[in-house]
Amino acid sequence: MKNLLLTLTIIAFVILFNFSFLVFNQDFYYKEFEKLKIYEKFSQEEINQNTQELIDYLKNDQPLETGFFNEKEKLHLQDIKSLIDRTLFIFFLTIIVLVILLIINRKNLAKPFLFSGLGLISLVLLFSIINFQNLFFNFHLIAFDNNLWQLDPATDNLISLFSEQFFYDFFRKMLINSLVIGIMLVTVSFLSIKNRQTFKKAIIK
């Protein structure tokens, strides 16, 4: 039971860690804007300045005073901020639980690392074959209790900056990071088991 709980906690931690790392990562945003040719629609200075203000709003509760986003967009951003805040709260709770479980299971971490690594790899493979467009649409239906997220690229700058392709790349980056960590956990687990077996053989000899 302890191994299962630790395994699930590690998986949750890795996913939430990747989300929290990317959601405030300015470099990722700017690379996406360049890739998606956003700088051809707006000036780079304007985009970077408003992106910085947006991140400060989502991360540090700084007021969003820019006129780049209209009132509908700002209302939707309030919903997004609330969702991010709840996610980060769960992430911090996960960290606390993870530390406690690691201390409790400190003498037997090989199996939880192995199972969590395999679990992450399996999740990545599962989500990689799911239709992202349907996943993205259904996520909005579940996460928001209004239709403020239904924006128009012709009138709303928020959807121009953060298109579905942006979020697909965000999601794909999370999957890649989780896959790498999953492989690392499996590798560490195998090395730990192998070293333990080698140690036992040395003692017996």
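**Reading rings and pockets**

Colleague: Does tryptophan 149 count as buried or exposed, and at what relative accessibility?

Modeller: Tryptophan 149 counts as buried, because its relative accessibility is 16%. Buried means under 20% relative accessible area, exposed means over 50%, and partly exposed lies in between, with a 1.4 Å probe and protein chains only. This is a predicted model, where local features need pLDDT of at least 70, side-chain atom pairs count only at pLDDT 80 or more, and totals for chains, interfaces and linings use all residues. Residues are numbered from 1 along each chain as its sequence is written, and side-chain values use heavy atoms, leaving out hydrogens and water.

Colleague: How many aromatic pairs does a search of the whole structure find?

Modeller: A pair of aromatic rings is described by the distance of the centres and the angle of the planes. The search finds 24 aromatic pairs (rings of Phe, Tyr and Trp, its six-membered ring, with centres within 6.5 Å; planes under 30 degrees apart are stacked, over 60 edge-to-face, the rest tilted). Phenylalanine 137 and tryptophan 149 are edge-to-face, because their planes are at 70 degrees, with the centres 5.9 Å apart. Phenylalanine 137 lies in helix H6 and tryptophan 149 in the loop between H6 and H7, so this pair ties together parts 12 residues apart in sequence. Helices are DSSP runs (H or I, at least four residues), numbered from the N terminus. Phenylalanine 137 counts as partly exposed, at 43% relative accessibility.

Colleague: Which aromatic pair does phenylalanine 166 form?

Modeller: Phenylalanine 166 pairs edge-to-face with phenylalanine 167, at 5.4 Å centre to centre and 85 degrees between the planes. Phenylalanine 166 is buried at 2%, while phenylalanine 167 is partly exposed at 31%.

Colleague: What volume does the largest pocket have?

Modeller: A pocket is an open set of points on a 1 Å grid over the protein atoms alone, where a 1.4 Å probe fits, with protein on both sides within 12 Å along at least five of seven lines; lining residues have an atom within 4 Å of a point. The volume is the space filled by probe spheres on the points, which are joined across faces, edges and corners. Here the largest pocket has about 1,300 Å³. Of its 40 lining residues, Phe19, Phe136, Phe139, Phe167 and Phe170 are the closest to its centre. H8 (164-204) gives the most to that lining, with eight residues.

Colleague: And what is the volume of the second largest pocket?

Modeller: The second largest pocket has about 160 Å³. H8 gives the most here, with six residues, and Tyr168 and Arg172 are among the residues that line this pocket.

How values were computed: Helix = DSSP H or I, 4+ residues; strand = E, 2+ residues; numbered from the N terminus.
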